[in-house]
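Keep the model open while you read.

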Amino acid sequence: MDLSGFRDPEIARGLIDAIKATAAKVGHVKLMEVCGTHTVAIAKNGLRAVMPANVTLLSGPGCPVCVTANEDIDVAIELARQPDVIVTTFGDMMKVPGSYSSLAREKADGRDVRIVYSPLDAINLAKKHPDKQVIFVAVGFETTVPLIAAAILRAEEQGIDNFSIFSAHKTVPGALAALVNDPEVQIDGFILPGHVSTIIGSEPYEFLAEEYKVPGVITGFEPVDVLQGIYMLLLQLAEGRAEIEIAYHRGVMPEGNVVAKALVEKVFTPIDADWRGIGVIPGTGLGMRPEYDAFNAVKRIPVTPPPPKEIKGCQCGEVLRGITLPYQCRLFGHGCTPEHPIGPCMVSSEGSCAAYYRFTDYGRE
Amino acid sequence: MCLAIPARVVTIEEGHMASVDIMGVTRKVSLDLTPEAIEGDFVLVHAGFSLQVVDEQYALETLEILKSIPDFAEDEGIALEGA
């Protein structure tokens, strides 16, 4: 399948012209790209620079590592400090500072912390080390949750009893509700996450259009995809419509992935979740059902980390809500860089601060 | 982190696993979430699992529409200048 058209400069130029023509029909609008992968795509392809002056692109709370509360990172660290434990996680989680330490620092101190590409790698590790407890520290949104559920079911089927999950998962639509209800935040349209929507479909966002009259477009990740999403949002605003549309049709069905949703439902149940910068949002976390306690790391190995504390001066929370732009933070580039990150938005490769720092000529924006 | 990469299913193997080709690199992925995938399909791969079978028809149709957007926008622009 040839998807190179979604990177075609000619098509991109056409869309940029269309965006400019359509933007001329609306006032100053703020569009939020919810997903960290979009933040990177926009920064890497220089799309902010080609936007008309009246279109502002804001980065949202869609970087799972960035929105993970210190308290959860502290639990992961505490788990790594237990005897006979191997903690595994995605690479992005390693350097994220909790209140007192990070998984990378724990590893440097001799704890067994390993980066894996997939939870299946963690299962294989558990098979190889039957004398150790292998814990997968799971952060992520709806994109990632189904495969964690599938991994748990695989481990159950294979009778593996030394593999467990620490679930710090979060779900996106409830966070968007919190943002549109926040009087400090002003968003005229949402560039909705493509791969979260691959799983959940378009229905869970309908309330944005119906109740709040804020349009949204489910958007893919190639440069042409992103421009298409922005164009469709501007069209809606220009025509006075508020709908949830799918631009990323090749990867998203309106109903989502029904098989994946059923697996999530089987293993997880909604709980309240603490989002960095936003606070507790009811029902936006996913806890494991009691039937799966045997695979629940904090049930198997209860830990009590010291009380969490916030990172001084870091404005990651404001950045995640679109109130502060990364370069408006006093630490940005002055002590906080991807090499020496102070806050999570600079740590994660998908964090807004890291994306701005690496790809944007931020001084001139 | 919600990155998912298109890959072609090369062979379907035991236990809902498949060998897929990701731009020339072969990887084993689980088909637990897309049991309908068959050999030759393109799937979106995320962290060792296939999330979705990519709809090629939609992809090609989208590109065709996008190619025609500049003309459309120009027409719109002209229409609006008079408004």
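Predicted model: local features only at pLDDT ≥ 70, side-chain atom pairs only at ≥ 80, totals over all residues.

Chain A holds an open sheet of 5 strands with parallel pairing. Chain B touches chain A through 32 residues of its own.

**The sheet of chain A**

- The strand order is β2-β1-β7-β8-β9 in chain A.
- β2 (55–62) and β9 (244–246) of chain A are the edge strands. Each has a single partner strand, so one side of each is left without a neighbour in the sheet.
- From one strand to the next, the twist averages 25 degrees.
- β1(A) and β2(A) run parallel and are joined by 6 bridges. In that pairing, A:Val29 has A:Val55 of β2(A) as its bridge partner.
- Strand β7 (residues 189–193) and strand β8 (residues 216–219) of chain A also run parallel, with 4 bridges between them. Here A:Pro193 has A:Thr219 of β8(A) as its bridge partner.
- β1(A) is largely enclosed by the rest of the structure, because 5 of its 7 residues are buried.

**Helix α7 of chain A and its two partners**

- Helix α7 (residues 145–157) of chain A packs with helix α12 (residues 258–267) of chain A at an angle of about 65 degrees. Their axes are 8 Å apart.
- The crossing of α7(A) with α12(A) is left-handed.
- α7(A) brings A:Val145, A:Pro146, A:Ala149, A:Ala150, A:Ile152 and A:Leu153 to this contact. α12(A) brings A:Ala260, A:Leu263, A:Val264, A:Lys266 and A:Val267.
- By class, the contact of α7(A) with α12(A) has 10 nonpolar residues, 1 charged residue and no polar ones.
- α7(A) also meets helix α6 (residues 119–128) of chain A, where the axes come within 9 Å and cross at roughly 25 degrees. That angle makes α6(A) roughly parallel to α7(A).
- The crossing of α6(A) with α7(A) is right-handed.
- From α6(A), the contact uses A:Pro119, A:Leu120 and A:Ile123. From α7(A), it uses A:Leu147, A:Ile148, A:Ala151, A:Arg154 and A:Ala155.
- By class, the contact of α6(A) with α7(A) has 7 nonpolar residues, 1 charged residue and no polar ones.

**Where chain B touches chain A**

- The 32 residues of chain B are in contact with 42 residues of chain A.
- Four elements of chain B each supply at least two residues of the side that touches chain A: β4 (42–46), β5 (49–53), α1 (56–67) and α2 (69–81).
- α1(B) gives the most, with 7 residues.
- By class, this side of chain B has 21 nonpolar, 6 polar and 5 charged residues.

**A loop residue in chain A**

- A:Glu339 lies in the loop between α14 (316–320) and α15 (344–347) of chain A.
- Is A:Glu339 buried or exposed? A:Glu339 has 7 other C-beta atoms within 10 Å. The cut-off for exposed is 12 or fewer, so A:Glu339 is exposed.
- A:Glu339 and A:Ala354 are 15 residues apart in sequence. Their C-alpha atoms are 9.8 Å apart in space.

Conventions. Residues numbered from 1 in each chain as written. Chains lettered and ligands numbered in written order. Pairing = 2+ DSSP bridges. Axes fitted to C-alpha atoms, helices over the stretch in contact; angles between N-to-C directions. Contact = placed C-beta atoms within 7 Å. Nonpolar A, V, L, I, M, F, W, Y, C, P; charged D, E, K, R; others polar. Buried ≥ 20, exposed ≤ 12 C-beta atoms within 10 Å, placed from the backbone. Left-handed = near helix turned anticlockwise from the far one by under 90°. Parallel < 35°, antiparallel > 145°, perpendicular 65-115°, else oblique.
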